[in-house]
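Please take a moment with the sequence and the model before reading on.

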Amino acid sequence: MSSITTALRFLVHSNLFISLATVSVAVTTVLLADLPLEPLPLFIVFAATMFVYTVNRFTDLEEDEQNVPQRAAFTKRYGTLWLSAGIALYVAAVGIAVALALPGAVYMLLPLAVVFLYSVGGVKQIFLVKNLVVGFAWGAIPLGVGYYYGQLRSPEILFLFAYITTMITIAAVIFDVKDIEGDRAEGIPTVPNLFGPHRTRILSLLATVAVAAAVVALVVGGAVPREFLVVLAMNAYVCAYVPFATTDRGPLYYGFVVDGEHVFLAAVVLALEWLVW
């Protein structure tokens, strides 16, 4: 078990797992929108995520020393190496997009804007804004996939944009439970700080159920195909982990279990693609 824990901690602290999670969003989008699965958009998503989250590890280092000391220690020891890798991957992704004259290559600069807003721009000091920035950043993945395949305005892409944005915003609020002490010390207003962990969990559960109801309504109303009911698997997953999101949970709970929601959904979609669709 210790070796498994060590491996999982490495995946989480190195940002490899969170990068896999964003790639999972792209895979889910491609499959549900019935688009051909190609490696290039997956690589672009992986590279952008590695860059953004590794930069964030450095800008949040002081905060992590209080909230997530093991992650802070990992950043101090190996951070420069992973930052170099993140920058190299991001530059390579931008270079490929420009060289191939991909439509919307200019939007490859959006990760830089996200880094500035979240890590430098002071959005953390505004209630809920930092959660929304994270939500919209992840929601941009289905939009990017839609742009790449020329399907930006399709109902499937727009649905997944709204769904992913909302669900990630909920997850970002839950993530703040583990950072209560550090956020209070930094004067960062969050839902857990203002309402407490218990009410935060209740509000998150209610929001997740409301999203599930909206999904069912859209499918029943014919706005999106019935195959999109598969996303309810992630709503169930979220409802299963939210009650256990407490301040004493370690970084693996939030970095692997919570961040694993999109890996879980992609696995379910892939399984159904193979077995049924």
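Lys 130 has a relative accessible area of 5%, and because buried means under 20%, this lysine counts as buried. This is a predicted model, and within it the side chain of Lys 130 meets that of Asp 176 in a salt bridge, with 3.0 Å from N to O. The pair links distant parts of the chain, since Lys 130 belongs to helix H7 while Asp 176 sits in the loop between H8 and helix H9 (180-186), 46 residues apart. Asp 176, at 4% relative accessibility, is buried as well. Side chains of opposite charge can pair when their charged atoms come close. The count of salt bridges comes to two, and another of these bridges joins Lys 178 to Asp 179, whose closest N and O atoms are 2.9 Å apart. Both Lys 178 and Asp 179 are buried.

Asn 131 is found in helix H7, and its relative accessibility of 3% is why it counts as buried.

From here the reader can turn to the nonpolar interior. In soluble globular proteins, nonpolar side chains tend to be buried together. The largest nonpolar core in this model has 48 residues, and those with the most contacts inside it are Trp 138, Phe 159, Tyr 163, Val 231, Tyr 241 and Tyr 254. At least two residues of this core come from each of helix H2 (16-32), helix H3 (39-59), H7, helix H8 (155-175), H10, helix H11 (232-241), helix H12 (251-258) and helix H13 (261-275). Which helix gives the most to this core? H8 does, with 12 residues. Apart from this core lies another, of 12 residues, among them Ala 47, Val 52, Val 55 and Ala 97. As for Tyr 241, its contacts, not counting residues up to four places away in sequence, are Ala 171, Ile 174, Tyr 253, Val 257, Val 258 and Glu 261.

Helix H3 can be considered as a whole. Of its 21 residues, 15 are buried, so H3 is largely enclosed by the rest of the structure. Its length can also be checked: at 1.5 Å a residue the helix should span 30 Å, and its end C-alpha atoms are 31 Å apart, which agrees.

Glu 65 lies in helix H4 (residues 61-67) and counts as partly exposed because its relative accessibility is 38%. Not counting residues up to four places away in sequence, Glu 65 touches Ala 72 and Lys 76. Although Glu 65 and Phe 175 are 110 residues apart in sequence, their C-alpha atoms are 16 Å apart in space.

Helix H7 (129-148) and helix H10 (191-220) each supply at least two of its residues, and H10 gives the most, with five.

Terms used: Residues are numbered from 1 along each chain as its sequence is written. This is a predicted model: local features need pLDDT of at least 70, side-chain atom pairs count only at pLDDT 80 or more; totals for chains, interfaces and linings use all residues. Side-chain values use heavy atoms; hydrogens and water are left out. Helices (H or I, at least four residues) and strands (E, at least two) are DSSP runs, numbered from the N terminus. A nonpolar core is a set of buried Ala, Val, Leu, Ile, Met, Phe, Trp, Tyr and Cys residues joined through side-chain atoms within 4.5 Å. Buried means under 20% relative accessible area, exposed over 50%, partly exposed in between (1.4 Å probe, protein chains only). Contact means heavy atoms within 4.5 Å. The expected span of a helix is 1.5 Å times one less than its number of residues. A salt bridge is a side-chain nitrogen of Lys or Arg within 4 Å of a carboxyl oxygen of Asp or Glu.
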